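Hi there,

Here is the structure I promised you, with the sequence alongside. Have a look through it first, and then read on for my notes.

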Amino acid sequence: MQRYNILWADDEIDLLKPHILFLKQKGYDITPVNSGADALDKFGELAYDLVFLDENMPGMSGLEVLSQIKVARPHVPVVMITKSEEESIMEEAIGSKIADYLIKPVNPNQILLSIKKLLDQKRIISEKTNLSYQQDFRNIMMAFSEDMDYKEWAEVYKKLVYWELEIENTESQSMADVLQMQKDEANANFCKFITKNYESWLNDPNIDKPILSHQLLRKKLFPQLKDDQPTFFLLIDNLRYDQWKVLESLVSENFNVDQESTYFSILPTTTAYARNAIFAGVMPSEMEKIMPGFWSEDEDEGAKNNFEKELLQAQLTKNRLNHKFSYHKVIHAAQGKAVVDNFSNLLHNALNVVVFNFVDMLSHARTDTEMIRELAPDEAAYRYITQAWFQHSPLADLLRKIAEKRCRLVITTDHGTIRTKRPYRIVGDRNTNTNLRYKQGKNLDYDKKNVYVARKPEALHLPKFNVSTSYVFATEDFFFAYPNNYNHYVKYYKDTFQHGGISLEEVIIPYIELSAK
């Protein structure tokens, strides 16, 4: 175990010799001093890991010493020890960023607990986390061997995300590779599960199935709408469940999470298909009936999402709902600021829908921009860039206003993304779409393994552009690559975040209902 150097300043330091002896026996090196001035002298001579500081010393007070320590080395934890229980002293110490606050008389175990909490916490947590994951590893693996339903798959995915975030915070991350192996195996089995059941979910009304994109508003949101209480429905494009979990602590500053649930994205797991299905309330092949010519527009994904407000209006009308609503799409910060500035007018609506596109733009920027790849080399960095964006975004400002007015809030997304690692050769003509996780076209040529093929798009309620149109979906962490210029293509797109195919990360996505604190 690492030996730590601890500085202890107290004008009655001689009375604390039994405590100091106890800590030395536990393996800590203690430097005792009996004044604030001596404490600062010693602090300048040696790199201490922790300082115990008596608040009430003659001459220089503990708070005065604390302020100078924080100027010199702000990251060294300081524990204030005092006889006083005055609230003002506590608040001043807390405001000066003390690490802990103990009331005299203190016993040796109190001191030891404070040390372990401040110096050994990471090691202890790491050891406990790794041990707990090892114990849960077998339970998760056993679940794969069983015939799991969609609810069990959602729980397994949540559990894997939980362990991913826990292991990420351990010192050595020694179990990270084991967890990644387990995630890979989970995805392989989940893709088989989707391939086996997805078509039945869409066509058999009598089987138990998850809520899918086109059912989301009708089953989850619409029953909760009230004309006298505005509901804000915030859809953050491309938000994975793990990204939600790192945002949760920030959102929870102003909101209670009343219910955290998941739903399943339809295929393809893309904005053009999944998000339009959410707002239209129907599957893609039925959108043509709502808006003739819908699928004959520009092949570019973005062009397909220019009619979300109209699709939402059509779905409300179909369900005989006359609620007043607004719809805003935020791509740039200025658009987000405009929504915030217009907030008072939104309070007159029963439903306010705001789509935030930042996470989707981040995934594309990471593919196209070398600097973003460097900033977000893996899932952990990708999560925390999302967190940093949120903290300084118009979305955070909007949430504060929603909380102040105690409006209902729903946060969700349309699909997730997966970091693609393995190329998959496919051949298509020039009319084949460009998405790396699914291909739609005619005369597609590919290996039949590790893909989900829809030779009859109508069975998956997908638009059929000509008589021989078929869809091919990449599974697990594969991405489609064309044989021509293959190596360049693979190098460019490997380890990028993509969506459109089948994986836990793309399909199982969060739906969060919140209320203001």
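**Starting from C191**

You will find C191 in helix α8 (residues 176-203); helices (H or I, at least four residues) and strands (E, at least two) are DSSP runs, numbered from the N terminus. Please keep in mind that this is a predicted model, in which local features need pLDDT of at least 70 and side-chain atom pairs count only at pLDDT 80 or more, while totals for chains, interfaces and linings use all residues. Residues are numbered from 1 along each chain as its sequence is written, and side-chain values use heavy atoms, with hydrogens and water left out.

Is C191 buried or exposed? Its relative accessibility is 3%, so C191 counts as buried. The cut-offs are under 20% relative accessible area for buried, over 50% for exposed and partly exposed in between (1.4 Å probe, protein chains only). Apart from its neighbours within four places in sequence, C191 is in contact with T475, E476, I502 and S503, where contact means heavy atoms within 4.5 Å. As for M80, it lies 111 residues from C191 in sequence and 55 Å from it in space, C-alpha to C-alpha.

**The whole protein**

The protein has 21 helices and 19 strands, and its C-alpha trace spans about 90 × 55 × 45 Å along the principal axes. Of its 517 residues, 54% count as buried. Among contacts with a separation of 6 or more, 74% are between residues 24 or more positions apart. The accessible surface is about 23900 Å², and carbon and sulfur atoms account for 49% of this; the areas come from the Shrake-Rupley method with a 1.4 Å probe, and for residues only the protein chains shown count as cover.

**A buried strand**

Next, take a look at strand β16 (residues 470-474). Five of its five residues are buried, so β16 is largely enclosed by the rest of the structure. S470, V472 and A474 point one way from the strand, while Y471 and F473 point the other way. Strand β13 (residues 438-441) pairs with β16 in the antiparallel sense over four bridges; two strands pair if DSSP finds at least two bridges between them. Here G441 has S470 as its bridge partner. Strand β15 (residues 451-454) is also antiparallel to β16 and joined to it by four bridges, with V453 partnered by V472.

**A three-stranded sheet**

There is also an open sheet with the order β14-β12-β17 and mixed pairing. At its edges stand β14 (445-446) and β17 (478-481), each with a single partner strand, so one side of each has no neighbour in the sheet. Strand β12 (residues 422-427) and β14 run antiparallel and are joined by two bridges, and V427 stands opposite D445.

**The two sides of α14**

Finally, which residues of helix α14 (residues 333-341) are buried? They are G336, V339 and V340. These residues cover an arc of only 100° around the axis, which puts them on the same side of α14; the arc is that of the directions from the helix axis to the C-beta atoms. The face turned away from that side carries the exposed residues A334, K337 and D341. The cover over the buried residues includes β8 (325-330), α15 (343-346), β9 (351-356) and α19 (394-404).
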